[in-house]
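Here are some notes to read alongside the model, written for a first look. Please keep the structure open as you go through the points.

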Amino acid sequence: MNEMLAAPQKRVSEPSKRRLVLLAELLSRTNKARITSVELASLVHWSPALIRHDIASIGFCGGVSNGYDVRCLCDAILRFFEIAPASSEKKCCIVGLGRLGAALLDEAIFDGTGYKIVAGFDPNVNRTEILRSAFPLYPASRIEAVVASERIEYAILTSKNEDAASLASRLVFCGIRGIVNYTDAVLGSTVSARVENASPVTLLRTLSARVSGAWRKVL
C-alpha cells in the first residue's frame, strides 16, 4: 500500500512533535527501505500504537500492514515541521564560551545534522582569544554585526545565568529565529523566535520528579 498524505489534525501536541522530530532523526540514519511501527517501537521504547498515532497526526497514512516507506515518512515529518534536511545547512552560533560552550566548539558534533556552527561569542574578550575552534570567535559586542553579516538563524545559549535574558533579547532583535537555552534562566518564545529551555539541572529535576505521588518507571 502506498503512503498518502491526508488532512492532519488541527494541532499536533508538543509531546507528539518532540517524538516525531526524534523519529525523523532515527529514520535518517537507517539503511532500511521500509520499517514497521513495531520495529520503531523497539528503537524508541514507545508503544506501536503511540507511534502510529503520532504519524497519523501529521496526515501521513499507510504502513500498518507492510511498514512505512522510510524516506517518505522522514521527508513528511521534516516538511510538516518545516525542518531543513541535513543536505541544507542552517547557520548557528554559540553564545557563552565557558566550560559548556567550549565543549561545543568541536564542530564535528553537528556534522550531517543540517546545522553548522559558524561563530562563537563571549563577553570575555580574553576567552575568545585563548580558545581555538574551526570557526571565528568574537566578543559579545559584535553579536549584532556578525549575526547579520553571516545570516545566522539559530543560537545555542550557554552564557552565565545572569546574562542570559539580555543576550537572548539581543539575539532575537538581530534576527535569530530560535534559541537553545542551556542556562538556568527560563526564557520565553517570542513572535519572531522560538526558545527551547534545556537546562541540565531542570531536566534532571524533571526526570526525578514524582508523578501522582509515586515513582513512575519510564523504560
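1. Glu 25 and Arg 29 sit four residues apart in helix 1, about one turn of the helix. Helices and strands here are DSSP runs (H or I of at least four residues for helices, E of at least two for strands), numbered from the N terminus. The two side chains form a salt bridge, with their closest N and O atoms 3.0 Å apart; the term means a side-chain nitrogen of Lys or Arg within 4 Å of a carboxyl oxygen of Asp or Glu.

2. A word on the basis: this is a predicted model, in which local features need pLDDT of at least 70 and side-chain atom pairs count only at pLDDT 80 or more, while totals for chains, interfaces and linings use all residues. Residues are numbered from 1 along each chain as its sequence is written, and side-chain values use heavy atoms, leaving out hydrogens and water.

3. Is Arg 29 buried or exposed? Arg 29 counts as exposed because its relative accessibility is 57%, and Glu 25 is partly exposed at 32%. The classes are buried for under 20% relative accessible area, exposed for over 50% and partly exposed in between (1.4 Å probe, protein chains only).

4. A search of the whole structure gives 13 salt bridges. Another one joins Glu 153 to Lys 90, with the closest N and O atoms 3.7 Å apart. This pair links distant parts of the chain: Glu 153 lies in the loop between helix 7 (143–150) and strand 8, and Lys 90 in strand 5, 63 residues away. Lys 90 counts as buried, at 16% relative accessibility.

5. Do look at the network of salt bridges that links Glu 14, Lys 17, Arg 18, Arg 194 and Glu 196. Within it, Glu 196 and Arg 194 form a salt bridge, their closest N and O atoms being 3.7 Å apart. Glu 196 is partly exposed at 26%, and Arg 194 is partly exposed at 46%.

6. Which residues lie nearest the centre of the largest pocket? They are Val 21, Glu 25, Ile 83, Tyr 115 and Glu 196, out of 50 lining residues. Helix 1 gives the largest share of that lining, 10 residues. By class, the lining has 27 nonpolar, eight polar and 15 charged residues. (Ala, Val, Leu, Ile, Met, Phe, Trp, Tyr, Cys and Pro count as nonpolar, Asp, Glu, Lys and Arg as charged, and the others, Gly among them, as polar. A pocket is an open set of points on a 1 Å grid over the protein atoms alone, where a 1.4 Å probe fits, with protein on both sides within 12 Å along at least five of seven lines; lining residues have an atom within 4 Å of a point.)
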